[in-house]
Amino acid sequence: MSERTAICPGTFDPLTRGHLDVVERAAALFDRVIVLCAAHSGKRPLFSLAERVELTRAAVAHLDNVGVDAFEGLLVDYVRDAGACAIVKGLRSIDDFHHEQQMAMMNRHMLPDADTVLLVTSPDVQYISSSLVREIWALGGDVGGFVPAPVAEALQHKRQTSQHS
Ligand code: PNS
């Protein structure tokens with residue numbers, strides 16, 4: 001049987017323990033997983049795309065079948081080119097569901113060969129969101145419990161350098 005590849009896309013600004021939970025579980029379900037860091041469509045990101053790729057690589061280094069890449073285009077184009085059979089996303093709540101369902105249906109219309117798999121986030125990390133991590137960090141709070149260690153270190157470093165600039 002051919003290798004089954006899944007894509008885990010997101011902006012990951014920053015990658016949280018919730019994202020990592022989904023990637024680890026996808027890695028157990030599929031032969032190969034590519035975590036795809038997307039360019040930010042809206043406001044200026046906290047971390048550049050290159051930084052997000054580097055931090056994600058460090059956070060998933062313990063997973064043998066997981067790679068990390070960056071992309072700026074249409075997700076389905078990347079999925080098709082990678083020969084992937086699934087897009088894997090995390091589902092924290094019913095609020096996430098409406099948006100995820102809409103994207104899943106539009107992506108499936110554009111690329112019927114790939115399915116979206118929504119993994120219900122593990123309860124211990126269900127409440128974590130990147131936007132709240134950014135807000136808490138910007139206000140001087142401790143975000144170490146919400147993000148993987150390499151991301152926590154980068155946030156700490158960013159705070160120290162921004163204080164001195
Ligand atoms: O971290 P997020 O906000 O859940 O990630 C959303 C993301 C990056 C997966 C989504 O915005 C996306 O797929 N963007 C790529 C552009 C695209 O294909 N848009 C059409 C989606 S139906």
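The crossing of helices H5 and H6 is right-handed, a label used when the near helix is turned clockwise from the far one by less than a right angle; helices here are DSSP runs of H or I with at least four residues, and strands are E runs of at least two, numbered from the N terminus. Before I go on, please keep in mind that this is a predicted model, in which local features need pLDDT of at least 70 and side-chain atom pairs count only at pLDDT 80 or more, while totals for chains, interfaces and linings use all residues. Residues are numbered from 1 along each chain as its sequence is written, and side-chain values use heavy atoms, with hydrogens and water left out.

Returning to the helix pair, H5 (residues 130-138) and H6 (residues 149-163) pack at about 40 degrees with axes 11 Å apart, the axes being lines fitted to C-alpha atoms over the stretch in contact, and angles running from 0 to 180 degrees between N-to-C directions. Val133, Ile136 and Trp137 of H5 meet Leu155, Lys158 and Arg159 of H6, where contact means heavy atoms within 4.5 Å.

A backbone N or O atom of Thr11 lies 2.9 Å from a ligand oxygen atom, a backbone N or O atom of Leu75 lies 2.8 Å from one, and a polar side-chain atom of Lys89 lies 3.3 Å from one.

Lastly, the loop between strand E1 (5-10) and helix H1 (17-29) holds Pro14, and the peptide bond from Asp13 to Pro14 is cis, with omega near 5 degrees. Phe12 is in the loop between E1 and H1, and, although not a glycine, Phe12 has a positive phi of about 50 degrees.

Methods:
A polar contact is a pair of N or O atoms within 3.5 Å; within protein, one must be able to donate a hydrogen and the other to accept it, and residues adjacent in sequence count only if both atoms are side-chain atoms.
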